[in-house]
Amino acid sequence: MNREYSAKVTGIGSCVPKHVLTNHDLEQMVDTSDEWIQTRTGIRERRKADPGEATSDLATTAAEIALKEAGILPQDLDAIIVATTTPDMTFPSTACMVQKNIGAQHAFAYDISAACAGFLFALSNASQYIENGTCQSVLVIGADLMTHITDFEDRNTCVLFGDGAGAVVLSKSLDEEGIIRTELGSDGRHGDILSVPAGGTKLPLTEETVTLRKHYISMNGSEVFKMAVRAMGNSAKKLLEKTGYDIHQIDWLVPHQANKRIIDTLRKKMGFPEEKVFINLQHYGNMSAASIPVALDEAYRSHLIKPDQLVLMVAFGGGLTWGSSLLRWSLELKNDG
Ligand code: UT7
């Protein structure tokens, strides 16, 4: 690819709330069962933030871990991009709050809204700043507190989501390591199959919207399922074609962690071996924009992803939005990692 520099991952970190909400806990709240949830989704438990715990709190902790590993100071960051659909508030952005928390006074900071695919959108932005020489170091965060917008009286959605944050530091490199290419896509015509209808300018929060529970996630699950498999499969195919890599050269597939059945269907469609797919959704559910960076961090810290390996990430979310990104892994886990 014709570019001056490449953007390489030099640090990674993640943070999830302490409180574990199990399927058995949910059995006490709605008409569901551990058996149904595990069979239909693969999820066993998820994390739930405490009241008062905000998206920027988890994002800040994840960022601090990533910065420490990268060995750079916050004031050396040129930019901070946070992908989130659950910002602390409408504005200032969550990225500006992270900037304040970590003391990255030389960075410009903004949020990206692309739902569950947001981390790949942010990664694409960040890698372009580095590739064209605008930035040397960029902090990219995917953070979502989905339980804040989840209706715990709706069994169709409340079993699916959880909270978390993951961060990577991308740094300028002169060699070929790093983000090889990212493919992004959107289709606003299907926005209504996965949305939070109230709370914006179209349907501001009122007593009535709250009574009608319109400030929570509304979803047509089976439609989302079908479109997710199609969009992620097509995106990954296009990415491999454009980069010239063959599916057999990929060492790890790190997909958006929404539903094990979606991942299995996608994997089979792609002809990808099961043992090379990293899945941690059994412990966290769908953490939206946080799901890929948290999975990446866990796979790395479990000594699975190793230097020089090729990692393919694929994601899908409300909007609709989707994307895929191919990454040459560069971090070596130290023994105390
Ligand atoms: O990041 C993107 C975010 N969203 C997603 O990834 C969601 C994608 N979709 C899915 O993961 C799946 O469609 C679900 C897990 C949401 C649902 O699985 P499904 O196999 O598509 O089930 P379904 O929607 O066809 O529902 C089957 C039945 C229904 O009952 P009836 O109408 O057949 O009597 C539902 O009412 O399962 C019922 N059901 C439940 N039963 C027990 C729905 N939720 C539950 C539940 N517990 N929690």
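**Rings and cores**

Tyr110 has a relative accessible area of 21%, so this residue counts as partly exposed. Keep in mind as you explore that the model is predicted. Three aromatic pairs turn up in a search of the whole structure.

**Aromatic rings**

- Phe108 and Tyr110 make a stacked pair because their planes meet at 5°, with ring centres 6.3 Å apart.
- Phe108 is partly exposed, at 34% relative accessibility.
- Together with Tyr129, Phe108 and Tyr110 form one aromatic cluster.
- Tyr300 and Trp329 form a tilted pair, with 5.3 Å from centre to centre and 55° between the planes.
- Tyr300 sits in helix α11 (residues 291-301) and Trp329 in the segment after β13 (321-328), so their pairing ties together parts that are 29 residues apart in sequence.
- Both Tyr300 and Trp329 are buried.

**A charge over a ring**

- Over the ring of Tyr5 sits the charged end of Lys172, 4.0 Å from the ring centre.

**Nonpolar cores**

- In soluble globular proteins, nonpolar side chains tend to be buried together.
- Here, the largest nonpolar core has 43 residues, and Met270, Leu312 and Phe316 have the most contacts inside it.
- Two or more residues of this core come from each of α8 (221-243), α9 (260-270), β12 (310-317) and β13.
- The element that gives the most to this core is α8, with 10 residues.
- Domain 1 (6-175) and domain 2 (180-328) each supply at least three residues to this core.
- Another core, of 39 residues, lies apart from it and includes Ala117, Trp252, Ile305 and Val311.

Terms used:
Residues numbered from 1 in each chain as written. Predicted model: local features only at pLDDT ≥ 70, side-chain atom pairs only at ≥ 80, totals over all residues. Heavy atoms only, no water. Phe/Tyr/Trp six-rings, centres within 6.5 Å; stacked < 30°, edge-to-face > 60°. Buried < 20%, exposed > 50% of the residue type's maximum accessible area, 1.4 Å probe, protein only. Helix = DSSP H or I, 4+ residues; strand = E, 2+ residues; numbered from the N terminus. Lys NZ or Arg CZ within 6 Å of the ring centre and 35° of its normal. Core = buried A, V, L, I, M, F, W, Y, C linked by side-chain atoms within 4.5 Å. Domains from an automatic or database assignment.
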